[in-house]
Every structure is written in structure tokens, then in C-alpha cells.
Amino acid sequence: METIGSRIRAEREALGISRGELAKFAGIAPTTLSNLELGLSKSTTALHRIAARLGVKTDWLETGRGPKGDEDRSVATISETETPPGYVRFDLFEGGAGMGIGMVNQDYPEVVKTIEVAEWEVRRKLGYLPKPGRIQIITGRGPSMRPKLEDGDIVWIDISCDYFDGDDYYLINIGGETQIKMLQKRGDGLYVVSVNTDFPAYRPDPGDVSILGKALIHAGLRKF
């Protein structure tokens, strides 16, 4: 009986891709991929990346139904999705972030959706090489974080930090709006703070703030 795992294994072996190579590209542990191929697990959140590396459609990989992939398999998406050796790929965090009163992610079309940065530059900025998928990018919009961040700056977001980790800059969601702000713990609670003094700090109601990741503003790129 065909399963997600058997389809992954068949396509992987047909392309001559090792299990370790595919796992590294997808940002998962080799044991996770092994369990998937052996039928010990049903699916994975990295299925779209596995499908991209194998040059097939995610829906086909998951269900076995519908078109398998593009008609011309010889020009599959490997060349478009595989990160060159010596580079780290950062993908888009689903839209922009307001640096004013906030914004809904769909308010602006994105100029940059993916960047590939040399490993030596990533090490220089972060001090380490992050696991695939840990760091994503977002475009800041608005004046409230000037001069620390300018409108249009590309900000790196560490999505592994979805909790308050001390006074720092974060990507947050308040009332459905995504913002880049500093969160600061004061005696009477947690405050949302802007760099630009034209935007006063305020204390939101408890539970209104969702932390989406830590904003690594020292490592960002400007300007788009």
C-alpha cells in the first residue's frame, strides 16, 4: 500500500538523494524522515520543502492523487529551491511588519521573499549558523522604530523564540496587527515600546500580545 513515506522514498531514491541530504534541506532530523518513510509517522510540517526538493507537488506527495509535478521533470524546481553550498536561505515570514500603529500582513506586497546569505556573513552577524527554517525575514514598514530601523528594512526574525526572553525587540501581534517593537518589563507589567519618541510606550491588556519571534535587528539588511 502506498503511503506518504513510500512516495517520498521512491522519489528520493529515483533522484539519487540521500536521506541525510533531504532531511537537511527540509530542516528536520534524519530520524524524523526515516520514521516518515517507514510509516512510523503520518506526515510532517516540512512536507512542502520535501516536495520542493523532490520536484513534485505537495498534494500528490500527501495523497497520491492529482498531478505529480510539472510536465517537464528535467527542469524541476531543484535549481530554484536548493540553497547553494556555503549559503544560508532565509524565507519570508508571511508578510510585512508595521513599525507604526501596526499593519495587517497583506497590506503591502513583498519586495523580498527569499534571501540567501553567505555562511561567513551569517556567522559574523549572529555568531552561529541557525538550523534551516529557524530564521525568517520580514519587511518593516513605518517610522516608529527610527533610527534603529527604517521603513523598508529587512529584519531577521528568530521564530524559535515565541516567548518573552527579557527586554528586547520582538515581532508581535496585537489585535490582528503585526508589529516590530521592543517589549520591556516594568513594575506594573509588560510595555510595548517604540524607539521613536513620537510613539509613546503603552501597556496592553494581559493576553493581548502574541510573540511571533525575536527581531534580530542588529543583523538585518537595508533597504527595500
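Leaving aside neighbours within four places in sequence, Leu33 is in contact (heavy atoms within 4.5 Å) with Ile8, Arg19, Leu22, Ala23, Ile28 and Ile50. The model is a predicted one, in which local features need pLDDT of at least 70 and side-chain atom pairs count only at pLDDT 80 or more, whereas totals for chains, interfaces and linings use all residues. Residues are numbered from 1 along each chain as its sequence is written, and side-chain values use heavy atoms, with hydrogens and water left out.

Leu33 also belongs to the largest nonpolar core, which has 17 residues, and there Leu33 is listed with Ile8, Leu22, Ile28, Ile50, Leu54 and Leu61 as touching the most other members. Such a core is a set of buried Ala, Val, Leu, Ile, Met, Phe, Trp, Tyr and Cys residues joined through side-chain atoms within 4.5 Å, where buried means under 20% relative accessible area, computed with a 1.4 Å probe on protein chains only. Helices 1, 2, 3, 4 and 5 each supply at least two residues of this core, and its largest share, four residues, comes from helix 4.

Helices here are DSSP runs of H or I with at least four residues, strands are E runs of at least two, and both are numbered from the N terminus. Helix 1 covers residues 4–15, and its end C-alpha atoms are 17 Å apart, which agrees with the 16 Å that its 12 residues should span at 1.5 Å a residue, the expected span being 1.5 Å times one less than the number of residues. Its buried residues are Ile4, Gly5, Arg7, Ile8, Glu11 and Arg12; seen down the axis, they fall within an arc of 165° (taken from the directions from the helix axis to the C-beta atoms), so they line one face of the helix. The buried residues of helix 1 pack against helix 2 (19–26), helix 3 (30–37), helix 4 (47–54) and helix 5 (58–63), and helix 1 is followed by Gly16, whose phi is positive, near 70°.

A further part of the model involves Ile217, which lies in strand 9 (residues 209–221). Ile217 is buried, with a relative accessible area of 15%, and, not counting residues up to four places away in sequence, Ile217 touches Lys148, Leu149, Val155 and Tyr169. Ile217 and Tyr169 are 48 residues apart in sequence, yet 7.5 Å apart in space, C-alpha to C-alpha.

Definitions and conventions:
Buried < 20%, exposed > 50% of the residue type's maximum accessible area, 1.4 Å probe, protein only.
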